[in-house]
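Please brief me on this model. Cover the sheet, the core and the charged pairs.

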Amino acid sequence: GVSTGLPDTTVEYAGALTLEPGVRLQFEAESGLRITETGSLVARGTAEAPIVFTGRTETPGYWKGISILSLNPDNILAHARVSHGGSDPFCCDYFTRTGDIRASISVGSGTGRGQLRLSDSIVSQGAGWGVFVFENATFTQSASTYDGNADGTVGYEAPPLAP
């Protein structure tokens, strides 16, 4: 496993972050991962070797979570396990109309956009939403499950358009 971030920090990536199958990222208390507008996140695990994002201590809300502020079409979490996020609303800036959103994964922000594909993944034991999707963000999912997230599975700032 890789421990990342100091307590109460955000690790920001402005470039391409590619994670290999089987990588385990353990975040310190109140730390999180933000993919900025110029960055991308490609985390393709396999069924046998999922990519794990969790807190160093595995209790709900131990770390901030993952914030995607990039529109890169390559952004994907596949065969990933994201757990114990949502310690604070770091996804969001002070201009959001939706208040203090806590989520293990947030896509976009109150003023920015984001794009993410989630497949074959499990988002669990978060202190907020499993995923929160802001109004200008794009989120697609397939074959993913949610378990034990305090605010529910997927929250939307604006109702998604019908397919």
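Is Arg56 buried, partly exposed or exposed? Arg56 is partly exposed, at a relative accessible area of 43%. Buried means under 20% relative accessible area, exposed means over 50%, and partly exposed lies in between (1.4 Å probe, protein chains only).

This is a predicted model: local features need pLDDT of at least 70, side-chain atom pairs count only at pLDDT 80 or more, and totals for chains, interfaces and linings use all residues. Residues are numbered from 1 along each chain as its sequence is written, and side-chain values use heavy atoms, with hydrogens and water left out.

**Salt bridges**

- The whole structure holds 3 salt bridges. The criterion is a side-chain nitrogen of Lys or Arg within 4 Å of a carboxyl oxygen of Asp or Glu.
- Glu28 and Arg56 form one of them, at 2.7 Å from N to O. Glu28 lies in the loop between β4 and β5 and Arg56 in the loop between β7 and β8, so the pair ties together parts 28 residues apart in sequence. Glu28 is buried, with a relative accessible area of 13%.
- Arg24 and Glu58 form another, at 2.4 Å from N to O. Arg24 sits in strand β4 (residues 24-27) and Glu58 in the loop between β7 (51-55) and β8, so this pair ties together parts 34 residues apart in sequence. Arg24 is partly exposed at 30% relative accessibility. Glu58 is partly exposed too, with a relative accessible area of 43%.
- Arg34 and Glu12 also meet in a salt bridge, at 2.7 Å from N to O. The pair links distant parts of the chain: Arg34 is in strand β5 and Glu12 in strand β2, 22 residues apart. Arg34 is buried, with a relative accessible area of 16%. Glu12 is partly exposed, at 47%.

- Strands here are DSSP runs (E, at least two residues), numbered from the N terminus. Two strands pair if DSSP finds at least two bridges between them.
- Strand β5 covers residues 32-35. Gly32 and Arg34 point one way, Leu33 and Ile35 the other, and all are buried.
- Strand β2 (residues 10-13) runs parallel to β5, joined by 4 bridges. Glu12 stands opposite Arg34 in this pairing.
- Strand β8 (residues 65-68) also pairs with β5 in the parallel sense, over 4 bridges. Ile35 stands opposite Ile68 in β8.

**The five-stranded sheet**

- An open sheet of 5 strands runs in the order β3-β6-β9-β12-β15, with parallel pairing. Its edge strands are β3 (16-19) and β15 (138-142), and each pairs on one side only.
- Neighbouring strands of this sheet are turned by 10° against each other on average, direction ignored. The axes are lines fitted to C-alpha atoms, and angles run from 0 to 180 degrees between N-to-C directions.
- Strand β12 (residues 115-119) pairs with β15 in the parallel sense over 5 bridges. Arg117 has Thr140 of β15 as its bridge partner.

**Nonpolar core**

- The largest nonpolar core has 28 residues. Such a core is a set of buried Ala, Val, Leu, Ile, Met, Phe, Trp, Tyr and Cys residues joined through side-chain atoms within 4.5 Å.
- Leu41, Phe53, Leu77, Ile105, Val131 and Phe139 touch the most other members.
- Which residues does Leu41 contact, leaving aside its neighbours within four places in sequence? They are Leu17, Leu19, Ile35, Ile66, Ile68, Asp74, Asn75, Ile76 and Leu77. Contact means heavy atoms within 4.5 Å.
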